[in-house]
Amino acid sequence: MSETTAQLTEVGDGCLAYLQGDGGWGWSNAGLIVGDGASLLVDTLFDLRITQRMLDAMAVHTGAAPISTVVNTHANGDHCYGNELVGSAEIIASTATAEEMAEVPPSMLAALNQAPGDVGELFRSFFGEFHFDGIDLRLPDRTFDGRLDLDVGGRTVELIEVGPAHTAGDTIAVVPDAGVVYTGDILFIGGTPIVWAGPLSNWIAACDLMLGMDVDQVVPGHGPVTDKAGVTAVRDYLAFVETEATERHAAGVDVFDAARDIGRAIGASEEFGELGEFGRIAVNVEAVYRQLDPDHRTPDVVEQFRRMAELERPHA
């Protein structure tokens, strides 16, 4: 990704979105909510270099309203690995997010990127543009379960836990006075959602929750700013995958064969055929099979990435 493709844009009164490129692997979004003398940052980024670039871009707003609070929407590194750069700000996340965050430290991704042979080549094809060495992951200072309302310089920000869905713990941040919601990775716009945790029914319920809100600006975890039509599109994709994978599980189809088959159907569809990162269907079908069969064993993360890469190769 080019150094010039990140942008800070206003999406509502005192609400900004920091958008990175096309929102592909690792190129996540963040948000800034500016109050009277204080601001809240929604998520940091995948490494220190790009997080610092984001903070520098936000300085015109945070000079008079310093970042006092950071919310990590979930535990994936592209939403929290930059936490050490936020100074004395209080970092808040759901309890499940905080627990999961400690399980995948930056050193793990650094080792995978630097691994010899096929493994290193595989992970560099996904994450080779990021620098994971030297990151001291700062965990949340405060956790919550369910809901938490915050005062940010006189403005209310509502944190709502909607996971497990994309990950074990997912939080959305709503700014009622601006009609804005920051969704974390509950929304991928232009790219394929990836269900690391599930169940899909929780994720669909999260979309339904947002569709019932009085919001008109929706900042996704990846991709361009959207509205409720973007929420509906993600909901429809997840419902399609859940239905199709459930049918194949009932018919005794192997999980990866099911992913290939459903992937072909998605690719040929007018509704979903243009989504990027379509190989993620392999992970998404695994999530459905796990939900249907407690004894189903999902392969390790290296094999999951290998399968996604295989599905996206031209001959797949």
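The largest cavity in this predicted model is lined by Asn-29, Ala-30, Gly-31, Val-42, Asp-43, His-79, Tyr-182, Thr-183, Gly-184, Val-219, Pro-220 and Gly-221.

The structure holds one cavity of 30 Å³ or more. By class, the lining of the largest cavity comes out as five nonpolar residues, six polar and one charged.

Asp-43, which lines the largest cavity, has a phi near 75°, a positive value in a residue that is not glycine. As for where Asp-43 sits, the loop between strand S4, residues 39–42, and helix H1, residues 48–62, contains it.

Next, the open space. The largest pocket has a volume of about 750 Å³. Its lining takes in 34 residues, and those closest to the pocket centre are Asn-76, Val-104, Trp-196, Val-301 and Phe-305. Which helices supply at least two residues each to that lining? They are H2 at 95–101, H3 at 106–114, H4 at 117–127 and H9 at 301–312. Sorted by class, the lining of the largest pocket has 19 nonpolar, eight polar and seven charged residues.

Now the helix packing. Two packed helices are described by the angle between their axes and the distance between the axes.

The angle between H6 and H7 is about 140°, and their axes lie 10 Å apart. H6 and H7 are therefore oblique to each other; the cut-off for roughly antiparallel is over 145 degrees. The crossing of H6 past H7 is right-handed. On the H6 side the contact uses Tyr-237, Phe-240, Val-241, Glu-244, Ala-245 and Arg-248, and on the H7 side Ala-258, Asp-261, Ile-262, Ala-265 and Ile-266. That contact between H6 and H7 counts eight nonpolar residues, three charged and no polar.

The second pair keeps H6 and brings in H8, residues 281–292. Here the axes are 9 Å apart and the angle is about 60°. H6 and H8 are therefore oblique as well, given that roughly perpendicular covers 65 to 115 degrees. H6 and H8 also make a right-handed crossing. From H6, the contact draws on Tyr-237, Val-241, Glu-242, Ala-245, Thr-246, Arg-248 and His-249; from H8, on Ile-281, Asn-284, Val-285, Val-288, Tyr-289 and Leu-292. The classes for H6 with H8 are eight nonpolar, three polar and two charged.

Ile-281, Ala-282, Val-283 and Glu-286 of H8 meet Gln-304, Arg-307, Met-308 and Leu-311 of H9. By class, the contact of H8 with H9 has five nonpolar residues, one polar and two charged. H9 was also on the pocket slide, where it supplies at least two residues of the lining.

Last, the peptide bonds. Which bond is cis with omega near 5°? That is the one from Gly-163 to Pro-164. Pro-164 falls in the loop between strand S9, residues 155–161, and strand S10, residues 171–175. Another cis peptide bond joins Gly-198 to Pro-199, with omega about 10°. The loop holding Pro-199 runs between strand S11, residues 180–182, and helix H5, residues 200–211.

How values were computed:
Residues numbered from 1 in each chain as written. Predicted model: local features only at pLDDT ≥ 70, side-chain atom pairs only at ≥ 80, totals over all residues. Heavy atoms only, no water. 1 Å grid on protein atoms, 1.4 Å probe; cavity = no way out; pocket = protein on both sides within 12 Å on 5 of 7 lines; lining within 4 Å. Points joined across faces, edges and corners; volume = space filled by probe spheres on them. Helix = DSSP H or I, 4+ residues; strand = E, 2+ residues; numbered from the N terminus. Nonpolar A, V, L, I, M, F, W, Y, C, P; charged D, E, K, R; others polar. Axes fitted to C-alpha atoms, helices over the stretch in contact; angles between N-to-C directions. Parallel < 35°, antiparallel > 145°, perpendicular 65-115°, else oblique. Left-handed = near helix turned anticlockwise from the far one by under 90°. Contact = heavy atoms within 4.5 Å.
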